[in-house]
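Subject: The model, and what turned up in it

Hello,

Here is the structure I promised to pass on. Have a look at it first, and then read on for the notes.

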Amino acid sequence: MVDDRVMNVVAAAVVERGRLLVVSKKAAPEVFYLPGGKPEAGESPEETLVRELDEELGVAPRDLDLLGRVEDVAALEGVPMRMTVFTAALTGRPRPAAELAALGWTDGRDGYAPRLAPAVRDHVLPLLVRAGALALDGP
């Protein structure tokens, strides 16, 4: 059963060269999230990512692997959110399109750190570290 009070989203955790891909939306350019979005009716999480990454970044995800499910408050909407997160590689070079204002790459300790959405900072980064996909120790 789907809870209409909870916003369901699907997101991609793309790590390249020790950095996580993050994006900001035109509606809140100061906050950085994972790329992804809300599923359309009848769409699987994987289908959602394919559609959203094409719309937002002009790329296709590959090698999708479920990282985990995160529950937090959506940074922009301020409502309860359930986010299904997949690790993914990309086919093509990402460029911001649609509602996106910018994209960047973060190791979680750089200038993006204070601008990361709480779900990314508090849940996704630790999941990536535990999975061995991102290292937050060292210089």
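By class, how many nonpolar, polar and charged residues does the lining of the largest pocket have? It has 17 nonpolar, 2 polar and 6 charged residues. Here Ala, Val, Leu, Ile, Met, Phe, Trp, Tyr, Cys and Pro count as nonpolar, Asp, Glu, Lys and Arg as charged, and the others, Gly among them, as polar.

Before the rest, two notes on the source. This is a predicted model, in which local features need pLDDT of at least 70 and side-chain atom pairs count only at pLDDT 80 or more, while totals for chains, interfaces and linings use all residues. Residues are numbered from 1 along each chain as its sequence is written, and side-chain values use heavy atoms, with hydrogens and water left out.

**The pocket**

Rolling a probe the size of a water molecule over the atoms shows where empty space is left. A pocket here is an open set of points, on a 1 Å grid over the protein atoms alone, where a 1.4 Å probe fits, with protein on both sides within 12 Å along at least five of seven lines; lining residues have an atom within 4 Å of a point. The largest pocket has a volume of about 330 Å³, volume being the space filled by probe spheres set on the points, with grid points joined across faces, edges and corners. Its lining has 25 residues, and Val-9, Lys-25, Tyr-33, Leu-34 and Gly-37 lie nearest the centre. At least two lining residues each come from strand 1, strand 3, strand 5, helix 1, strand 7 and helix 2 (118-130). Strand 1 supplies the largest share, 4 residues. Helices (H or I, at least four residues) and strands (E, at least two) are DSSP runs, numbered from the N terminus.

Helix 1 covers residues 45-57, and at 1.5 Å a residue its 13 residues should span 18 Å; the end C-alpha atoms are 17 Å apart, which agrees. That expected span is 1.5 Å times one less than the number of residues. The helix has these buried residues: Thr-48, Leu-49, Arg-51, Glu-52, Leu-53, Glu-56 and Leu-57. Buried means under 20% relative accessible area, exposed over 50%, and partly exposed in between (1.4 Å probe, protein chains only). These buried residues pack against several strands, among them strand 1 (7-13), strand 6 (60-73) and strand 8 (100-106). Just after the helix, Gly-58 takes a positive phi of about 70 degrees.

Pro-39 sits in the loop between strand 5 and helix 1. At 35% relative accessibility, Pro-39 is partly exposed. Leaving aside neighbours within four places in sequence, Pro-39 is in contact (heavy atoms within 4.5 Å) with Asn-8, Val-9, Val-10, Thr-48 and Arg-51.

Thr-84 belongs to strand 7 (residues 80-91), and it is buried, with a relative accessible area of 12%. With neighbours within four places in sequence set aside, the contacts of Thr-84 are Val-9, Val-10, Ala-11, Leu-66, Gly-68 and Arg-69.

**The cores**

A nonpolar core is a set of buried Ala, Val, Leu, Ile, Met, Phe, Trp, Tyr and Cys residues joined through side-chain atoms within 4.5 Å. The largest one has 26 residues, and Leu-20, Met-83, Val-85 and Val-124 have the most contacts inside it. Helix 2 gives the most to this core, with 6 residues. A second, separate core of 13 residues includes Ala-12, Val-23, Phe-86 and Leu-90.

- Arg-17, in the loop between strand 2 (15-16) and strand 3, has a positive phi near 50 degrees although it is not a glycine. It counts as exposed at 79% relative accessibility.
- Ala-98, in the loop between strand 7 and strand 8, also is not a glycine and has a positive phi of about 50 degrees. Ala-98 is partly exposed, at 44% relative accessibility.
- Val-129, in helix 2, is partly exposed at 34% relative accessibility. Not counting residues up to four places away in sequence, Val-129 touches Leu-134 and Leu-136.
- Glu-30 is in strand 4. Glu-30 and Ala-102 are 72 residues apart in sequence and 9.6 Å apart in space, C-alpha to C-alpha.

Best wishes
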